[in-house]
Amino acid sequence: MSYDYDLFVIGAGSGGVRASRIAAGLGAKVAVAEDLYLGGTCVNVGCVPKKLFVYGSHFAEEFEAAAGFGWTVGETSFDWPTLRDNKTKEIERLNGIYDNMLKNAGVEIIHGRGTIVDAHTVAVGDKQYTAERILVAVGGWPMVPDIAGKEHIISSNEVFYLDEFPKRVIVVGGGYIAVEFAGIFQGYGSETHLLYRGDMFLRGFDDDIREFTASEMRKKGVDLQFNTNVTEIEKQADGSLLVSLTNGSTLEVDAVMYATGRKSKTENLGLENTAVELTAKGSIVVNEDFQTAEPSIYAVGDVIDRMQLTPVALAEGMALARNLYSEKKDHKVDYDFIATAVFCQPNIGTVGYTEAQAKEKYGSVAVYKSEFKHMKHTLSGLNERTFMKLLVDQASDRVVGCHMVGADAGEVVQGLAVAIKAGATKADFDSTIGIHPTAAEEFVTMREPAYIL
Ligand SMILES: Cc1cc2nc3c(=O)[nH]c(=O)nc-3n(C[C@H](O)[C@H](O)[C@H](O)COP(=O)(O)OP(=O)(O)OC[C@H]3O[C@@H](n4cnc5c(N)ncnc54)[C@H](O)[C@@H]3O)c2cc1C
């Protein structure tokens with residue numbers, strides 16, 4: 001049977017674009033349908049604009065730090081529309097790059113919402129397209145709870161385009177997006193409250209990292225309230241929001257941002273016309289080759305809810321396209337030792353196991369820790385501190401966990417992740433000569449374990 005395309009991709013985000021380009025480069029006839037924006041969440045309302053905001057939010061501290069180094073900084077002020085609009089211009093430039101990249105690779109871009117008609121057919125608008133294979137790479141969407149006043153809530157979709165920057169804000173959530181945005185708002189001068197319903201935010205990260213981050217954020221002035229949630233949001237006559245909390249108190253703010261999780265965008269996608277199976281949370285179930293229960297339909301990225309990170313979606317899209325269209329069919333995604341960062345202030349960088357996971361997996365584990373004042377802050381007058389931690393499997397001497405909270409932790413840990421993924425031992429770390437003076441050299445000079453588990 002002949003089809004319009006070899007591969008029809010639904011969603012031109014991180015995973016869909018990568019799979020489309022690689023598949024087309026390997027000779028497949030590919031189309032991709034996109035209904036919102038080329039580049040997906042990461043480029044438009046995720047990693048990229050967020051990191052631009054993070055860069056800008058550091059300036060207030062830098063102005064403060066400058067005096068200790070002899071600088072006199074004149075009056076400063078922050079103009080939100082300038083940041084917002086410069087950011088949007090950059091995103092539009094990236095959208096254009098994605099458009100060119102796909103077209104140059106020979107991928108046909110179809111603007112509109114794709115829905116699945118059957119195992120080999122996708123509808124976009126009033127047209128239908130057939131394909132030997134369909135890839136679902138539709139990503140996710142922020143979840144907002146059903147509470148009174150929920151129409152006043154903003155999510156990460158709206159926060160990048162606000163008309164006015166809030167002077168007072170509540171961020172609700174305990175994941176990395178909530179923590180990052182609390183740092184962003186605080187950095188630009190908002191009175192910032194972060195509410196999380198659990199005991200401690202950043203579940204899944206090493207406990208020391210969570211505690212240390214909380215204490216650094218509090219020092220910078222973020223009001224962290226754990227075991228607290230919102231019950232109601234009421235808009236007042238002056239436009240401000242009166243927010244009632246589970247602890248009986250209220251807060252008056254200008255914006256309430258929810259970052260309480262994302263749901264796979266599988267609703268009304270036509271999956272019921274196929275054998276594709278969903279998890280209870282609505283994510284698509286795939287095997288290790290990203291194939292669903294419907295053999296001609298595949299899925300990658302956030303919609304399969306393995307690790308919701310752009311480099312993971314890219315790796316999945318690439319592995320799938322190569323396995324389908326290249327000679328070699330053994331491309332696998334290895335989910336072990338994937339490094340990640342949280343761009344809060346200071347940053348978190350992490351790779352490998354947490355202390356609790358390492359103990360469970362390896363039994364006897366040596367824990368190395370270091371906490372210090374970054375050299376910069378000996379003159380800056382700021383009281384920010386840096387924390388580092390290494391976990392070493394005692395049986396093999398392999399470094400199985402590496403965690404940092406401090407300036408540029410993501411940059412530092414990315415390099416170490418290569419060594420750790422390759423199986424570096426503590427002896428390898430010890431025989432590595434540091435770069436002086438850096439904070440990162442501490443990772444190769446931690447000699448005595450704090451304790452052995
Ligand atoms: C605020 C925020 C910050 C983030 N920061 C980071 C970070 O710092 N580092 C990191 O690694 N990850 C980060 N992420 C996560 C990252 O953005 C995602 O993991 C990544 O974008 C997933 O890629 P994807 O291809 O699975 O989905 P997406 O990038 O979400 O792409 C899916 C695309 O499909 C389109 N689509 C959906 N349904 C249809 C349909 N029916 N028809 C046509 N098109 C459709 C959507 O419009 C979208 O463009 C962040 C996410 C958010 C929300």
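1. Let me start with Leu135. Leaving aside neighbours within four places in sequence, Leu135 is in contact (heavy atoms within 4.5 Å) with Leu7, Phe8, Val9, Ile10, Ala19, Tyr298, Ala299, Val300 and Leu320. Please keep in mind that this is a predicted model: local features need pLDDT of at least 70, side-chain atom pairs count only at pLDDT 80 or more, and totals for chains, interfaces and linings use all residues. Residues are numbered from 1 along each chain as its sequence is written, and side-chain values use heavy atoms, with hydrogens and water left out.

2. Leu135 also belongs to the largest nonpolar core, which has 49 residues; Phe8, Val30, Leu135, Val136, Ile284 and Phe290 have the most contacts inside it. Such a core is a set of buried Ala, Val, Leu, Ile, Met, Phe, Trp, Tyr and Cys residues joined through side-chain atoms within 4.5 Å. Buried means under 20% relative accessible area, exposed over 50%, and partly exposed in between (1.4 Å probe, protein chains only). Elements that give two or more residues to this core include β1 (5-10), β6 (127-136) and α8 (310-325); helices (H or I, at least four residues) and strands (E, at least two) are DSSP runs, numbered from the N terminus. A second, separate core of 42 residues includes Phe53, Leu83, Ala178 and Cys344.

3. Leu83 leads us to helix α5 (residues 80-104), where it is one of the buried residues, along with Trp80, Arg84 and Lys87, among others. The buried residues of α5 pack against α1, β2, α2 (40-45), α3 (47-57) and β3. After α5 comes Gly106, with a positive phi near 90°.

4. Now for the ligand. A polar side-chain atom of Glu34 lies 2.6 Å from a ligand oxygen atom, and a polar backbone atom of Thr310 is 2.9 Å from an oxygen atom of the ligand. Taken alone, the ligand exposes 1000 Å², of which the protein buries 96% (Shrake-Rupley method, 1.4 Å probe; for residues, only the protein chains shown count as cover).

5. Finally, a look at Ser57 in helix α3. Why does Ser57 count as buried? Because its relative accessibility is 2%. Leaving aside neighbours within four places in sequence, Ser57 is in contact with Gly183, Ile184, Gly187, Tyr188 and Gln345.

How values were computed:
Polar contact = N/O pair within 3.5 Å; in protein donor to acceptor, adjacent residues only side chain to side chain.
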